[in-house]
Amino acid sequence: MRIDIKKRCPVLGNHTGGLSGPAIKPVAISMVYQVAGAVNVPVIGGGGIMNAEDALEFLMAGATAIQIALPIWSTRAPPWIYLKGWKPMPKLRG
């Protein structure tokens, strides 16, 4: 949540917002690990992925695929920049 100190009211229309980005990465990785161990369907990991190391953590926790959003939104770089040189690495999955 944020408060506009000049207007003395919440900045967001619904008053509170969600939590995203690096702050939720440890929780998201834990959830991927738990879900991937409990189901037999692909699991998509996301939440706080800012670089290749973050992505690898999700894959090693059991994610089949990952979602990258914040680095693209914050830099306005085209999404394929983050995938350059990536090759399938199935042995990384936990």
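## A loop residue with positive phi

In this predicted model, Arg-8 counts as exposed because its relative accessibility is 75%, which is over the 50% cut-off. Arg-8 belongs to the loop that runs between S1 and strand S2 (9-10), and its phi is near 60°, a positive value in a residue that is not glycine.

## A nonpolar patch at the surface

Where does the surface carry a nonpolar patch? Met-1, Ile-3 and Ile-5 form it, and together these residues have about 370 Å² of accessible area. Met-1 sits in the segment that precedes strand S1 (3-4), and its relative accessible area of 60% makes Met-1 an exposed residue.

## The pairing of H1 and H2

Helix H1, spanning residues 25-38, and helix H2, spanning residues 52-61, have axes that come within 8 Å and cross at roughly 25°. Because angles under 35 degrees count as roughly parallel, H1 and H2 are therefore roughly parallel to each other.

Which residues bring the two helices into contact? On the H1 side they are Lys-25, Ala-28, Ile-29, Val-32, Tyr-33 and Ala-36, and these meet Asp-54, Glu-57, Phe-58 and Ala-61 of H2.

When residues up to four places away in sequence are not counted, Asp-54 touches Lys-25, Gly-48 and Ile-49. Of these, Lys-25 is also among the H1 residues that meet H2.

## The chain as a whole

The secondary structure of the protein chain comprises 3 helices and 4 strands, and, read along the sequence, these elements follow the pattern β-β-α-β-α-β-α. Among the contacts with a separation of 6 or more, 39% are accounted for by residues 24 or more positions apart.

The protein chain has 94 residues, of which 22% count as buried. The chain exposes about 7100 Å², and carbon and sulfur atoms supply 63% of that area.

How values were computed: Residues numbered from 1 in each chain as written. Predicted model: local features only at pLDDT ≥ 70, side-chain atom pairs only at ≥ 80, totals over all residues. Heavy atoms only, no water. Patch = residues over 30% accessible without salt bridge, like charges linked within 9 Å, V, L, I, M, F, W, Y side chains within 5 Å. Areas by Shrake-Rupley, 256 points an atom, 1.4 Å probe, with all protein chains shown as cover. Salt bridge = Lys/Arg side-chain N within 4 Å of Asp/Glu carboxyl O. Buried < 20%, exposed > 50% of the residue type's maximum accessible area, 1.4 Å probe, protein only. Axes fitted to C-alpha atoms, helices over the stretch in contact; angles between N-to-C directions. Parallel < 35°, antiparallel > 145°, perpendicular 65-115°, else oblique. Contact = heavy atoms within 4.5 Å.
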